[in-house]
Amino acid sequence: MTDSFPPTTSAATPGSAPRLALRGISKRYPSVVANDAVDLTVQPGEIHALMGENGAGKSTLMKIVYGVTRPDAGTIHWQGEPVTIDSPAKARALGIGMVFQHFSLFETLTVAENIALALDHRAAPSTLDARINEVSERYGLPVDPKRLVHSMSVGERQRVEIVRCLLQAPQLLIMDEPTSVLTPQAVQTLFGTLRRLASEGVSILYISHKLDEIRQLCDTATVLRGGRLAGTATPRLEDDAGLARLMIGSELSPCQLPPKQPGEIMLELTNLNLPSSDPFGTHLQRVDLRVRRGEIVGIAGVSGNGQKELMAALSGECLSPDVGAVRIGGQPVGRLGPAARRRLGLGFVPEERLGRGAVPAMSLSDNALLTGAATAPAMLRHGLVSRRAARDFATGVIAAFNVKCGGESSIASSLSGGNLQKFIVGREVRLDPQVMVAAQPTWGVDVGASQMIRQALIELRNRDVAVLVVSEELDELFAICDRLVVIAQGRLSPSRTPAQTSVEEIGSWMSGGFIAAADAKQEVRDAAAA
Amino acid sequence: MSLDTWIAIFVSTVVAATPLIYAALGELVTEKAGVLNLGVEGMMLVGAVVGFIVGVNSGSLVLGYLAAMLAGVLMSLVFGVLTITLQANQVATGLALTLFGAGLSAFVGRSYAGQPIDGADALHIPLLSDLPVVGALLFQFNALVYGSIALFFAVQWFLSRSHAGLRLRAIGEAPSVSHAIGHPVQKTRYRAVMFGGACSGIAGAYLSTALTPMWVEGMSSGRGWIALALVVFATWKPLRVLLGAYLFGGVTVLQLYAQGFGLTVPSEFLSMLPYAATIVVLVIICRDPKTILLNQPASLGKGFHPDA
C-alpha cells in the first residue's frame with residue numbers, strides 16, 4: 001500500500017508532483033459498487049499497471065479519469081492541482097489520452113476521418129494526413145490515412161487508435177487491455193512503442209489481467225479486487241502466483257491433462273469452402289479439421305480471421321453447400337440445421353453468451369429448455385413442455401457448476417458474464433454431448449470461473465468426448481489442448497501438439513505465416529493430379 | 001409531340017419532384033444522425049396548412065414559408081423530446097406524429113379548405129429567363145425549386161466535406177463511441193431532427209402554395225411516406241434521393257398525360273404508377289446488401305442514453 005497523499009498543493013512543485021493522483025474515488029451503480037474509495041498515483045514517465053479481474057472496477061475507474069463517468073466521491077489531482085474532469089474533451093485538454101479496448105472506431109469512415117473526429121479543433125485534411133504520417137513514422141505505427149476502417153485488421157485498428165491519441169500529445173496515455181486482440185509479435189512491437197513514449201516522459205496507465213505482460217512492461221502495479229484497492233506491487237519483483245494471489249485473493253491450481261489415446265474421428269471438416277455474406281466477414285477456404293474422441297483440439301487465432309464463420313458452419317447456423325464437408329460421427333451434416341446436429345450429439349458454447357448462448361430476457365430454466373428440447377427427451381414429451389424437468393435440469397446445472405444466481409428462475413441477463421458462462425457450459429456438458437464445440441469459453445470470465453470451465457472441458461475429454469476449443473488466449477490453449485491449429489484469413493494451419501510447437505511458431509502462423517507453404521503444397525498436389 | 005409538350009413535361013416533372021426533395025433530404029440528415037422520424041407526412045401536412053393560412057392572411061408567401069418551417073420544427077421538437085430525451089420508441093412516436101399532424105392540420109384548416117390563392121410566381125431572371133428553349137426549361141421556376149437544388153448541394157457538402165457533418169455521421173454510426181470521444185450526441189440529434197422538421201414544413205407549404213395553390217385536407221397524399229422510402233432505397237445518398245425524386249415526378253407527370261390521351265387503362269392504375277415505379281427502380285439500384293450495410297447509419301432507430 002502506498003502512503004496517503006496529502007490533498008494540498010503545497011508540495012506540488014512541477015518536478016515532484018505525481019502526474020495523476022486519485023484519492024478515495026467511489027462510484028455506485030444501482031445494483032453494484034464499482035469503485036469503493038480507490039487511491040491511485042501515477043508518476044511522470046511511469047508505466048503503471050492497473051490489474052484486476054473482470055468486474056473488479058478497472059474500466060469504471062478509467063472512465064472516471066477520462067471524464068466519461070463522474071465519481072460519487074473522491075478527488076482527482078492532475079500535476080498536483082485538484083481538477084474536475086466532467087467530459088472527455090476536458091480530459092484531452094488536460095493531456096489525457098485513452099486507447100479503448102473495443103469498438104471505438106467508426107467502421108464506415110476512413111482513418112483520417114476517424115482521427116479528425118477526436119481532435120477538438122478542426123484540422124485541414126491535407127495537414128492532418130501529413131501529421132498522421134509524421135506520428136506513425138516516429139513511433140513505428142504504420143497506418144494509411146485514406147483507408148476505410150472496416151477493411152483493416154484488428155491490429156491495424158489499434159494502431160489507428162494509438163496514433164489518434166498521440167496526435168494530441170498526451171502526458172498520460174490510458175491503454176485498456178490493448179493486447180487482447182494482438183499476435184505475440186505485435187505485442188512486442190506495441191511494448192516497444194510504449195517504452196519509447198515513457199522514455200519521453202509520457203505516463204502510461206496499462207489496464208490488463210495478463211500477468212506476464214505486466215511483469216515485462218510495467219514499473220508499478222495497482223491491483224483492484226471487487227471494486228476495492230487490493231494493494232500495490234512492483235511487478236518485476238513478483239512471480240505470477242504472487243500477482244494472481246493479489247488479484248483473486250486465493251491460490252490457483254494448474255490444469256492437469258492426463259495422457260490419453262484418442263479414439264475414432266467424431267467431428268470432421270473436409271475441404272470446407274464458405275464465402276461470407278457479411279461485407280466485414282471472412283471467407284472460409286479449404287478448411288480441413290479432424291477431432292477424435294478423447295482429445296481437445298484448440299484453434300488459436302486473432303479474432304476476425306474466420307472464427308465466427310467457422311463456428312456458424314459447425315453449429316449449423318450457416319449451412320454448407322457441400323453436404324459432406326461437415327461430418328459428425330461420420331454422418332454428413334452439411335445441410336442440417338442446429339437442432340438436427342444437436343440430436344446427433346453436438347454440444348455448442350457460442351462466443352456471444354447473451355443473444356446466442358442464452359436469450360437475455362428469459363429465465364435460466366427456459367434457456368435450458370430451449371437447447372435441451374432437442375436432446376433431452378424428459379423436457380419435451382409428445383410436443384408438450386415439461387416445466388418440472390426443465391427446472392430440475394437448470395437447478396442441477398446451477399448446483400454442479402456453482403453458478404451464483406437467484407435460482408433457476410433468474411433472468412439470464414441478470415447474471416454476471418462469468419456466472420452465465422458457467423451456466424451455459426454446464427448446460428451443454430449435462431446434455432451429454434458426443435462432440436463439444438466451445439468458442440472463447442473463458443473470454444471475459446474471471447480467473448476462478450475460467451479454471452472451472454477449463455476443468456469441465458478436460459473432464460469431457462477424459463470421458464471420451466471430442467472437444468474443439470476456439471480461443472484467443474494462447475496460454476489457455478497450451479494448457480488444455482492435445483493438439484493445436486491456427487486460423488488466419490479464413491484458412492486453417494496444420495495441427496501440432498503443444499510439445500511440438502512454440503508460442504513463436506503459433507504467433508507467426510496467427511499472422512498468416514503458414515499460408516504460403518500450404519498453397520505451395522496444394523499446387524504440387526494439383527499438378528500431380530493433373 | 002411538339003417541343004413545347006416536352007418542355008411542359010420536363011417543367012412539370014421538376015415541379016412535382018420538389019416537395020419530395022425537401023422532405024427526403026431533411027429526413028436523410030435526421031436518419032444520418034441515427035434518428036428515424038416516421039412523422040414526415042404529419043409534419044408536411046401541418047407545414048402545408050400553416051404556410052397556407054399565414055400566406056393568405058399576411059399576403060406574403062415568404063412569411064408563409066417561414067411559418068411553415070417553424071411549424072415543422074415545433075412538430076419535430078415534440079418528436080425529439082419524446083424520443084431523444086424521454087427515450088420513447090422512435091417508430092411508434094413517428095407514426096403517432098403522422099396521425100397527429102393529419103388531424104391537427106384538418107382541424108386548423110377547416111375554414112380554409114378549397115379556397116384558392118395566387119400561387120408562388122416564377123422568378124424572372126433577366127436575360128436567362130428570356131433565352132429560347134433553355135430559358136423555358138431551366139429559368140422559369142419559382143424560388144422554392146431553385147431552393148431545393150441549393151439544399152441538395154448544401155446537404156451533400158455538409159455530409160461529405162464539413163467537420164460538423166462528419167460528427168453527425170459518426171453519431172449515427174456509433175453514438176456510444178461518439179459520446180466517449182466527447183461529442184454531444186443528444187444535442188446533435190435534436191438539431192438533425194429540427195432540420196428534418198423544417199424541411200418537411202417547407203415541403204408541405206410548397207404543396208399548398210405552389211404545386212396546387214389551395215388547402216385540401218390530407219393533400220400530401222402519401223408523399224411523406226414516399227420521401228421516407230426514397231431515403232432508404234437511395235441508400236442514404238443525397239444524389240440518389242434527388243434522382244429518385246425526379247423519377248417520381250416524371251412518372252407522375254407522364255401518367256397525367258397518359259390519362260389525357262384517353263388510354264383504356266383505369267386511371268387508378270395510372271395514379272399508382274409513380275409510387276410503384278419509384279420503389280421498383282430504387283429497390284433494383286440498392287439490391288446489393290453491402291451497399292446498404294455500408295451506408296445505413298448503424299444506430300438508426302435506436303435510442304441512446306449517455307449514462308447507460
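## Cavities

The predicted model contains three cavities of 30 Å³ or more. A cavity here is a set of points on a 1 Å grid over the protein atoms alone where a 1.4 Å probe fits but cannot get out; the volume is the space filled by probe spheres set on the points, which are joined across faces, edges and corners. The largest cavity has a volume of about 80 Å³.

Its lining (residues with an atom within 4 Å of a point) includes Y66(A), R92(A), F100(A), R164(A) and I181(B).

## Interface of chains A and B

17 residues of chain B contact 22 residues of chain A (heavy atoms within 4.5 Å). The buried area, meaning accessible area (1.4 Å probe) lost on putting the two parts together and summed over both, is about 1,800 Å², with 69% from carbon and sulfur atoms. In chain B, H163(B), I181(B) and L294(B) lose the most area to chain A, together 32% of what that side buries.

The rule finds one salt bridge across the interface (side-chain nitrogen of Lys or Arg within 4 Å of a carboxyl oxygen of Asp or Glu). The side chains of E113(A) and R169(B) form a salt bridge at 3.3 Å, N to O.

## Conventions

Residues are numbered from 1 along each chain as its sequence is written, and chains are lettered from A and ligands numbered from 1 in the order in which they are written. Local features need pLDDT of at least 70, side-chain atom pairs count only at pLDDT 80 or more, and totals for chains, interfaces and linings use all residues, while side-chain values use heavy atoms, leaving out hydrogens and water.

Technical notes
1 Å grid on protein atoms, 1.4 Å probe; cavity = no way out; pocket = protein on both sides within 12 Å on 5 of 7 lines; lining within 4 Å.
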